[in-house]
Amino acid sequence: MQRTIIHCDADCFFAAIEMRDNPSLHGRPIAVGGRPDRRGVISTCNYPARQFGVRSAMASAYALRLCPGLIILPHRMAHYREASQKIMAIFHQFTDLVEPLSLDEAFLDVTDTVSDSNSARGIAAQIRERVAAELGITVSAGVAPNKFLAKVASDWRKPDGLFEIRPEQVAEFVAALPVNCIPGVGKVTGERLAQLQVKSCGDLLRFDERDLCQRFGQFGSRLYHCSRGIDTRLVRRERQRKSVSVEQTFANDMPVAEACETYLAELIARLQVRIDKLTDQYGVGKAFVKVKFADFSSTTLERANGEFSYNSFAGLIHEAANRHDGSVRLLGVGVRLTEQAAAPAAGVEQLGLFGR
């Protein structure tokens, strides 16, 4: 069945709330994150800051070097969660099929809501207008026949944009799409694809699914389907996550100590940003790590030690790496998630895991 999906994503959400509450910040480069003198991490930043190269998951101290005039504000999670609840309530006014991805982002299946007098683009426009009127922030939206394309569409005209990919436009649109728009195509996979003379999704059309799976394992199936604009995932109202993690594949294999020194701080920073955006229904449980070795074998290790720090993750990685001789080609860090019995009390802020 042909679906109609809208992906909505607030523009620089944490920073947008800060600018809304303090209009003097408009037009100035600001970020929300930890203190630079305490190895803090940027959670999000506004668009003036991004012009200097500031990005989420970046060390606050480095962000200040890129943008000396950057204003770094502390997190006010209670305010962000309150705004998130209002945004989600607006989404539910248009459809019951809402799948939250984070505090400020969700997929909406409006297949049964669309009519001759109420198009999907019109619904997306109404959502954006209502969020702007009731919360004083902007939301970008993408309309498409599936989740993958709706997510691409919402990024297409950010910030404060609306873009639609109609079913009859899918083949032409996807063929011209850069291959790194496919989720999971990072620097290393991008380099491997470039060696195959693949720069766009259209370039992938000359490979069949079996060939891509032989070259890229299970990920080859995603490359095959996404390059053809195919995504059969449904919008699910109950989307319970079991864990959140990040990982990095290295261009060259290296000793585990060197890998930790080079990549671990950045991995932890990226993990903190993802944790910051979780909804109230989740709590943090055990810490875990993943190590993949030069021979492509891998191992994982987790521990409920009550401490989430650089040293604790480094210790887990070294312990896991001792199970195998040789260099490593991938590191990953993450946490198991637990269901929260109730939302935090008003005015209570969840502390960052890594001392921001």
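Which exposed residues does the face of α8 turned away from its buried side carry? That face carries Lys187 and Gln195, where exposed means over 50% relative accessible area, buried under 20% and partly exposed in between, with a 1.4 Å probe and protein chains only. The model is a predicted one, in which local features need pLDDT of at least 70 and side-chain atom pairs count only at pLDDT 80 or more, while totals for chains, interfaces and linings use all residues. Residues are numbered from 1 along each chain as its sequence is written, and side-chain values use heavy atoms, with hydrogens and water left out.

Helix α8 spans residues 187–195, and its buried residues are Val188, Thr189 and Leu193. These residues lie on the same side of α8 because they cover an arc of only 135° around the axis, the arc being that of the directions from the helix axis to the C-beta atoms. The buried residues of α8 pack against α9 (209–216), α10 (219–226) and β9 (243–254), with contact taken as heavy atoms within 4.5 Å. Helices (H or I, at least four residues) and strands (E, at least two) are DSSP runs, numbered from the N terminus. After α8 comes Gln197, whose phi is positive, near 65°.

Helix α9 contains Arg210, which is exposed, with a relative accessible area of 65%. Between Arg210 and Ser221 the separation is 11 residues in sequence and 8.0 Å in space, C-alpha to C-alpha.

**Strands around β10**

Strand β10 (residues 282–293) pairs in the antiparallel sense with strand β12 (residues 328–339) over 10 bridges, and β10 also pairs in the antiparallel sense with strand β11 (residues 298–303), over 6 bridges; two strands pair if DSSP finds at least two bridges between them. Val284 stands opposite Leu337 in β12, whereas Lys290 stands opposite Thr300 in β11. The hairpin of β10 and β11 has 4 residues between the strands, and in this hairpin Phe296 takes a positive phi near 75°.

**Rings and charges**

The structure holds 7 aromatic pairs, counted when the centres of Phe, Tyr or Trp rings (for Trp, the six-membered ring) lie within 6.5 Å, with planes under 30 degrees apart stacked, over 60 edge-to-face and the rest tilted. Ring pairs link Phe13, Phe14 and Tyr80 into a cluster. The table lists charges over rings, for which NZ of Lys or CZ of Arg is within 6 Å of the ring centre and within 35 degrees of the ring normal.

| Charged residue | Ring | Distance to ring centre |
|---|---|---|
| Arg50 | Tyr47 | 4.4 Å |
| Arg336 | Phe288 | 4.0 Å |
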